[in-house]
Amino acid sequence: MTAVRIPDFRESRLPRLARRIPVRHVLTLIPLVLVAVIAVQHRQVLVEGFGHLRAASWPWLLAAGGATCLTWVAAAFTRQGAVVQQLPRWRLLATQLAAGSANHLLPTGLGSGAVNLRFMTVCGVPLATSSAALALYLLAESVARVSLMAALFFAFPDALRLDGLLPQGDVGPLLAVVGALAAVAVAVLFLVRRVREPVFRFVRTALSEARSVHTRPSRALALWGGSLAFPALQALGLVAVGQALGLSVPPTHMALAYLAATVAVALIPTPGGLGSVEAALIVALVAAGAPVAVATAVVLAYRIITVWVPLLPGALTLGALVRLKVI
């Protein structure tokens, strides 16, 4: 007689149950759940922001909304310019809307980077090339933002009055800490082989991709043109909201305040800069000569238009792209 082992009920039931769960459908709902959670956490900001929008000039608000929509076009141009392979245009544009939403649900840069990395991989771009293109995009956008800020600062050196805004005696220790951290990072990079080899391999791939992109004038123009247009359109949106609420600060000074604030908070890992960007923008506008109350109203209204209004459509687009296997 041969003994026959009867399979355990749980062992046979769980695999079948796992196969029945529509994983992709569940993933499409995650962005909407995160949007709801963030909206509840920041409900006071939403109420105050929409309250300020009711008293604003609607033509200027529409201009701010139009500038916000154009930032997705600029991001699409920059993404295409960072990679040699041709990407599907309309899917690329939709991905930027979805990436903007993901960027406000995850620490700064991670959501957008993950969505675009997945999109390029699905389009057949090798992972190493996609990663190099992502790094090139970040580098070009950072260089363009800092360059615009420097140009405006040299053209309008008195635009920001920083006296009293920076604590006395804190700049030196801060720079010392930053320098020490940079020195430790460089030492680890050159002394630890397991870190050095993959980093150098990635740098070689990134440099090769950058050379390939810049041998094509259309790609180079898209990369740098989009990188310059992106922060310029963001600053233009803030200027439009300032005009809508009657902020008595010259437009160029408002643009410089925006660029300085976003550069200052670039290294703060908060989802979409929520909280940190608002604080930095208020400080920057006050430094540009705006009253605190009006600066606060402008910043809240600006963040409503650029963050909260596109958040739900972006989350829906993200879920649709996941459902359609575009990302």
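What follows is a walk from the overall fold to single residues.

Guide: Keep in mind that this is a predicted model.

Visitor: What share of the residues of the chain counts as buried?

Guide: Of its 327 residues, 39% count as buried. For contacts, look at pairs at least 6 apart in sequence: 76% of these join residues at least 24 apart.

Visitor: How about helix 11?

Guide: Helix 11 (residues 251-264) has 14 residues and should span 20 Å; the distance between its end C-alpha atoms is 20 Å, which agrees. Its buried residues are His 253, Met 254, Ala 255, Leu 256, Ala 257, Tyr 258, Leu 259, Ala 261 and Thr 262.

Visitor: Back to helix 5. Which of its residues are buried, and what do they pack against?

Guide: The buried ones are Leu 92, Thr 95, Gln 96, Leu 97, Ala 98, Ala 99, Ser 101, Ala 102 and Asn 103. These pack against helix 4 (58-81), helix 6 (110-122) and helix 13 (292-323).

Visitor: Let's take the helix 6 partner. How do I read the packing of helix 5 and helix 6?

Guide: Start with angle and distance: about 150°, with the axes 7 Å apart. Angles over 145 degrees count as roughly antiparallel, so that is the label for helix 5 and helix 6. The crossing of helix 5 past helix 6 is right-handed. On the helix 5 side, Arg 91, Leu 92, Thr 95, Gln 96, Ala 99, Ala 102 and Asn 103 take part, meeting Leu 110, Gly 111, Ser 112, Val 115, Asn 116 and Phe 119 of helix 6. By class, this contact has six nonpolar, six polar and one charged residues.

Visitor: And helix 6 with helix 7: at what angle do they pack?

Guide: About 140°, with their axes 9 Å apart. Helix 6 and helix 7 are therefore oblique to each other. Their crossing is right-handed. Helix 6 contributes Gly 113, Leu 117, Met 120 and Thr 121, and helix 7 contributes Leu 127, Ser 130, Ser 131, Ala 133 and Leu 134. The contact residues of helix 6 with helix 7 divide into five nonpolar, four polar and no charged.

Visitor: Why do helix 4 and helix 13 count as roughly perpendicular?

Guide: Angles of 65 to 115 degrees get that label. Helix 4 and helix 13 pack at about 65°, with axes 10 Å apart, and are therefore roughly perpendicular to each other. Helix 4 passes helix 13 in a right-handed crossing. Here Leu 61, Ala 64, Gly 65, Thr 68 and Trp 72 of helix 4 meet Ile 305, Thr 306 and Pro 310 of helix 13. Sorted by class, that gives five nonpolar, three polar and no charged residues.

Visitor: Last, single residues. Is Thr 129 buried or exposed?

Guide: Under 20% relative accessible area means buried, and Thr 129 has 14%, so Thr 129 is buried. Thr 129 lies in helix 7 (residues 127-155). Leaving out residues up to four places away in sequence, Thr 129 touches Val 83, Gln 85 and Glu 209.

Visitor: And what about the phi of Lys 325?

Guide: Most residues other than glycine have a negative phi. Lys 325 is not a glycine, yet its phi is positive, about 60°. Lys 325 lies in the segment after helix 13, and with a relative accessible area of 55%, Lys 325 is exposed.

Terms used: Residues are numbered from 1 along each chain as its sequence is written. This is a predicted model: local features need pLDDT of at least 70, side-chain atom pairs count only at pLDDT 80 or more; totals for chains, interfaces and linings use all residues. Side-chain values use heavy atoms; hydrogens and water are left out. Buried means under 20% relative accessible area, exposed over 50%, partly exposed in between (1.4 Å probe, protein chains only). Helices (H or I, at least four residues) and strands (E, at least two) are DSSP runs, numbered from the N terminus. Contact means heavy atoms within 4.5 Å. Axes are lines fitted to C-alpha atoms, for helices over the stretch in contact, and angles run from 0 to 180 degrees between N-to-C directions. Angles under 35 degrees count as roughly parallel, over 145 as roughly antiparallel, 65 to 115 as roughly perpendicular and the rest as oblique. A crossing is left-handed if the near helix is turned anticlockwise from the far one by less than a right angle, and right-handed if clockwise. Ala, Val, Leu, Ile, Met, Phe, Trp, Tyr, Cys and Pro count as nonpolar, Asp, Glu, Lys and Arg as charged, and the others, Gly among them, as polar. The expected span of a helix is 1.5 Å times one less than its number of residues.
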